[in-house]
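Please consult the sequence and the structure alongside the text.

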Amino acid sequence: MAAITLTSLTKRYENRSEFALAGLSLEIRDGEFVALLGPSGCGKSTTLRLIAGLEHATEGTIHIGDREMNDVAPKDRDVAMVFQNYALYPHMSVFDNMAFALRLRCHRIEDIATRITNVASSLGIAHLLQRYPRELSGGEQQRVALGRAMVRAPSVFLFDEPLSNLDPARRKSARIELRRVQRRLGVTSVIVTHDQEEAMTMGDRVAVLSQGVLMQFAAPMELYHNPANRFVASFLGTPAMNLIEGRLIEKAGQLYLVRPGFELRLPQQDHPVLQARRDTELVVGVRAETVTTIADDLDKQAADHRAYESASVSFTLDVCEPLGSHVDLCGHVGDDIPFIARLPQSLTPRTQQNEILLTIDTTQLHYFERGEYGRNLRHLDQ
Ligand SMILES: Nc1ncnc2c1ncn2[C@@H]1O[C@H](COP(=O)(O)OP(=O)(O)OP(=O)(O)O)[C@@H](O)[C@H]1O
Ligand SMILES: [Mg+2]
């Protein structure tokens, strides 16, 4: 087991002008499960391949434990990697696939068999050991690939989208299983995914990347409640955070976000963060679940939250999406700004009604500078 330290890691592939990875620094603790999250092409697989030694860094260093790994061959890094496409050996049975790396390391035959049997039964693939990869479903191949990494009991596990070929139900059980096994083994692990739910539920901490640059590295709930910038805010959470760009205006001692056909009173508690931004443009973020149609409901909660404030906005409903326990009201506010409110099923509005007054819990607003990577004003304030 070992910590992984990446310091100013930079990768530029030959014949490419842009950086695949630009100065990434991350300290992954011993035994930690870290998820790398970001859109396609942001440098996730590149990061894993650099840790595994399958690519050379253009600049920067990689440490596993105390040892610098930049010039250490992949096979000597004590790292096991599970690839997006499994990379099973097609001409070998499941057992032989799992045994391959152990045989190379000259383990005793009985030990190899015991290890494989244990791992295979924990992954539910014990009955598949004599089959060949072509005789397995996508999900079964995935578990074999995981099993092959697990039998080696390496210092570090690297997973590149290991669950991407599974159907949704299997995906959930596979991620629970993977997390359970990782906890039990306590092996430092890095998983790559572009699925924010997977990253949030699996990672002790999540590193969010965009275009080869680290946006934020924090625990899932910290990312959700305190995103460093607008990119992180809109990438995490389903549905995505509502973002409303407008001008910050002061009227009679109160601050408002205004834009054509829209006005939102901002709470007193946020005045310290906002004062210096008066008469400028900014972006207010509203999570869909901090909105309700019933002002009373929020007033009741207010008894427990002294700093509580709310504000009403008129909303035009386009589509009502029932999702079982809750319903998403999809529509717009002001001059056609898309807006989604997530309400308990019991508050589903009557369908013929499409002009609705929404109440926003303004104690949970987020504020960003303009632009795709606009910084969180609360972070600037700290
Ligand atoms: N071998 C290569 N040669 C040249 N460019 C590459 C190579 N591998 C990756 N790239 C480029 O580097 C950037 C980062 O790629 P990477 O594979 O790390 O992205 P990713 O985040 O894993 O994306 P995905 O979610 O699609 O797997 C991309 O712009 C990609 O086109
Ligand atoms: Mg990738």
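## Contact between the domains

Eight residues of domain 1 are in contact with seven residues of domain 2, contact meaning heavy atoms within 4.5 Å. In domain 1, Tyr224, Asn226 and Pro227 lose the most area to domain 2, together 67% of what that side buries. Between them the two domains bury about 640 Å², 42% of it on carbon and sulfur atoms; buried area is the accessible area (1.4 Å probe) that two parts lose on being put together, summed over both.

Five residue pairs are in polar contact across this interface, both residues at pLDDT 80 or more. A polar contact is a pair of N or O atoms within 3.5 Å; within protein, one must be able to donate a hydrogen and the other to accept it, and residues adjacent in sequence count only if both atoms are side-chain atoms.

## Basis of the model

The model is predicted: local features need pLDDT of at least 70, side-chain atom pairs count only at pLDDT 80 or more, and totals for chains, interfaces and linings use all residues. Residues are numbered from 1 along each chain as its sequence is written, chains are lettered from A and ligands numbered from 1 in the order in which they are written, and side-chain values use heavy atoms, leaving out hydrogens and water.

## Domain division

Domain 1 covers 4-227 and domain 2 covers 242-381, with bounds from an automatic or database domain assignment. Their centres, taken over C-alpha atoms, are 39 Å apart.
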